[in-house]
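Trainee: I have not looked at this structure before. Could we go through it step by step?

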Amino acid sequence: MFRGVAQMEIGPLIKLHRIKQNMTQEDLAAGIVSESYLSKIENQKTDASPEVIALLCERLGIQLNAENEDMIKEKAEEWYGMLYEVHNAEERRQRFQELEALFKANNSDHEMLFEIQKIRFFLVEGRVQEAKDQIERLEQVQNSFDALQAFYWNKFVGNYYHMELSEFTKALRFYQEAESIMDKLELLDDEKADLLYVISILHSKLVNDLSALEYANKALAIFRNSYKFVRCAQCHIILGISYRRLHMLEEAIKQYNLAKHLGEITDNNDVIQLTNHNLGYLHSRAGNSIEAIEFYKTAFNLKNVPLNYKLTTVTSLIREYIITKEFAEAESYIVKAEQIMDENSIGSKLVKLEIKVFKAILNKDHHQYEDLVTNHLIPYLLDQEDKVYTIIYSNMIAAHYEEIKKYKNAAYYYKLASKSYEDLLKI
């Protein structure tokens, strides 16, 4: 008998290796077993003889040595930890290559979990197509996953739809499936808190504010107990956003200030930047442009923060300067935004459209402004189901049409803004 992977469990690994090598069942089965019998092996519907398993593994290049199981488990778990922490990228890649070689040379209980963890690795590395390919391969064997494998599968596929495709509702379904499994497993508290935190983020993005509060508070309680101050700060930011939307402004400011304090004592500029940006947005929505501008400028001028954060802040800052009719300042920040995008080859479709809209406003090109907002920006926002920005730009273009006495157009976009707001309240 084989040590390591039990016979009924080796079927999905055989299937996975076959898929990875672009082999058909006919290719693998030829001269060993029938295709129908191979299908039963792969789908755990039969126990094949050790001789048949050995022949199939030999054709696939799978080694049946299981002498290094404890060492493989230790190395794999150490590598999994590297996927969650700020870590030397080169070391993370070297460990990955080492594990690839170990799994190729050994028959291990941990191989399927390693294959699932690859999704996270590819996402951390920015290798999105490889993450997508890995998901598509693993989809064909997911019915064989045990509870732990199913937990990570749902969590990482949720990460893919959340972070890379911005399909928030779909991502939430995967996260909730992982949550339903979570309490059945012996997971580290921080692992549980991380899932609760990402669920809170998704509820925040979907403007489910009460649910965002619930999950952020659950995650915060765990992170606080383990003294993970940066993670605590991230939870406080979600809480601040939710309280601001619920018009509990004093509580929102309190949460943002707690986040900023934790960011300062841990010297984490990402947290400080996000906090200042959100304080700017809070004052903007309250009609306090002077305060909003100061917070946005502080957020934009921070060093060593992700450039996509800066771009999100700078578009908010430019919009505020346009509202206050400080057009020279708005133009200077447009130049800075374009410089960031040109020098680093970055910039989301939304940011690029916003910059074009701002330039049309400053150039007093009403025709281009109307075309950009009505035919490009708002349709894009509707397609993305971004109700918050739909409200902002629908109100902007409606006010423009009202000013130039195109009342029918103005009424249409005020109505769209109102409907988007109503839709937010229904979520």
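**Reading the model**

Trainee: Is Glu-58 buried or exposed?

Mentor: Buried means under 20% relative accessible area, exposed means over 50%, and partly exposed lies in between, with a 1.4 Å probe and protein chains only. Glu-58 has a relative accessibility of 62%, so the residue counts as exposed.

Trainee: What kind of model is this, and how are its residues numbered?

Mentor: The model is predicted: local features need pLDDT of at least 70 and side-chain atom pairs count only at pLDDT 80 or more, while totals for chains, interfaces and linings use all residues. Side-chain values use heavy atoms, with hydrogens and water left out, and residues are numbered along each chain as its sequence is written, starting from 1.

Trainee: Which helix holds Glu-58?

Mentor: Helices here are DSSP runs of H or I with at least four residues, strands are runs of E with at least two, and both are numbered from the N terminus. Glu-58 falls within residues 50-60, and that helix is H4.

Trainee: How many helices and strands does the protein have?

Mentor: The C-alpha atoms fill a box of roughly 85 × 45 × 40 Å along the principal axes. Of the 427 residues, 48% are buried. The secondary structure consists of 22 helices and zero strands.

**Cores**

Trainee: Which residues have the most contacts inside the largest nonpolar core?

Mentor: A nonpolar core is a set of buried Ala, Val, Leu, Ile, Met, Phe, Trp, Tyr and Cys residues joined through side-chain atoms within 4.5 Å. The largest one here has 72 residues, and those with the most contacts inside it are Trp-79, Leu-138 and Phe-151.

Trainee: What is the phi of Asn-22?

Mentor: Most residues other than glycine have a negative phi. Asn-22 lies in the loop between helix H1 (7-20) and helix H2 (25-29), and the residue is exposed at 70% relative accessibility. Asn-22 is not a glycine, yet its phi is positive, at about 55 degrees.

Trainee: Where is Lys-405 found?

Mentor: Lys-405 also is not a glycine and has a positive phi, near 70 degrees. With a relative accessible area of 59%, Lys-405 is exposed. Its place is the loop between helix H21 (387-403) and helix H22 (407-426).

**Helix pairs**

Trainee: Are H19 and H21 roughly parallel or roughly antiparallel?

Mentor: Axes are lines fitted to C-alpha atoms, for helices over the stretch in contact, and angles run from 0 to 180 degrees between N-to-C directions. The axes of H19 (residues 349-362) and H21 come within 14 Å and cross at roughly 15 degrees. Angles under 35 degrees count as roughly parallel, over 145 as roughly antiparallel, 65 to 115 as roughly perpendicular and the rest as oblique. H19 and H21 are therefore roughly parallel.

Trainee: What are the angle and the distance between the axes of H15 and H16?

Mentor: H15 covers residues 269-285 and H16 covers residues 289-301. The two are roughly antiparallel. Their angle is about 160 degrees, and their axes are 8 Å apart.

**Residues and their neighbours**

Trainee: Which residues does Tyr-380 touch, leaving out those up to four places away in sequence?

Mentor: Tyr-380 is in helix H20 (residues 366-383) and is buried, with a relative accessible area of 19%. Counting a contact as heavy atoms within 4.5 Å, Tyr-380 touches Lys-349, Leu-350 and Leu-353.

Trainee: How far apart in space are Ser-211 and Ser-200?

Mentor: Ser-211 is in helix H12 (residues 209-225) and counts as partly exposed at 23% relative accessibility. Ser-211 and Ser-200 are eleven residues apart in sequence, and their C-alpha distance is 7.0 Å.

Trainee: How far apart in space are Glu-58 and Val-271?

Mentor: Glu-58 belongs to H4. In sequence, Glu-58 and Val-271 are 213 residues apart, and from C-alpha to C-alpha the distance is 52 Å.
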